[in-house]
Amino acid sequence: MLLLGTHHGPVGTIRVDHVRDSPSPGPVTATSEPTLDPATAGAMLAIALEEARIGLAEGGIPIGAALFHRDGTLLGRGHNRRVQHDDPSMHAETDAFRNAGRRRDYPDCVMVTTLSPCWYCSGLVRQFRIGLVVVGESRNFVGGHDWLVELGHGVLELDDPECIELLGSFIAEHPELWHEDIGL
């Protein structure tokens with residue numbers, strides 16, 4: 001469980017002083033027996049949201065992700081860098097996964113992402129058997145998270161207002177870039 005305070009992990013030290021200040025995201029949709037409480041999921045989502053904001057500040061698409069061990073250790077974090085790196089495969093989840101480095105296996109890991117993972121990133125979760133996915137929102141885009149549930153992965157949908165607004169505003173301002181990102 002992610003505890004409030006200072007955490008040391010392979011990618012450095014993170015400090016979580018509080019669970020997000022935004023209003024409660026409402027009921028958490030729990031599927032396939034996820035084991036994180038909403039406060040822990042919200043604290044993990046704060047890291048992914050920070051990454052999304054970094055991506056936006058760099059001129060990219062504001063989607064962020066972080067890979068954690070279930071005990072709360074941050075393994076890797078990243079954001080969509082398709083624009084910045086001119087690399088169509090550099091989605092937020094793949095960036096976080098790459099930054100986490102090698103592991104023997106991943107069933108005890110949690111992929112936290114500000115947006116429902118696309119089919120490409122859902123395939124990554126499936127291929128490496130990441131045990132749980134925390135989804136910040138699926139209103140702006142519905143990816144493969146239902147498919148992951150069907151295959152036995154845990155999924156928590158938080159329906160986070162900040163995630164919804166951040167990407168929704170970006171889509172309204174840059175529809176051509178968004179359509180390129182999702183293949184329309």
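The model is a predicted one, in which local features need pLDDT of at least 70 and side-chain atom pairs count only at pLDDT 80 or more, while totals for chains, interfaces and linings use all residues. Residues are numbered from 1 along each chain as its sequence is written, and side-chain values use heavy atoms, with hydrogens and water left out.

Helix H7 spans residues 175-182, and within it Leu177, Trp178 and Asp181 are buried, that is, under 20% relative accessible area with a 1.4 Å probe and protein chains only. Viewed down the axis of H7, these buried residues fall within an arc of 100°, so they line one face of the helix; the arc is that of the directions from the helix axis to the C-beta atoms. The buried residues of H7 pack against helix H2 (82-85) and helix H6 (161-173).

H6 and H7 pack at an angle of about 110°, with their axes 5 Å apart, and are therefore roughly perpendicular to each other (65 to 115 degrees). Axes are lines fitted to C-alpha atoms over the stretch in contact, and angles run from 0 to 180 degrees between N-to-C directions. The residues that make this contact (heavy atoms within 4.5 Å) are tabulated here.

| Helix | Residues in the H6 and H7 contact |
|---|---|
| H6 | Leu167, Phe170, Ile171, Ala172, Glu173 |
| H7 | Pro175, Leu177, Trp178 |

Methods:
Buried < 20%, exposed > 50% of the residue type's maximum accessible area, 1.4 Å probe, protein only. Helix = DSSP H or I, 4+ residues; strand = E, 2+ residues; numbered from the N terminus. Parallel < 35°, antiparallel > 145°, perpendicular 65-115°, else oblique.
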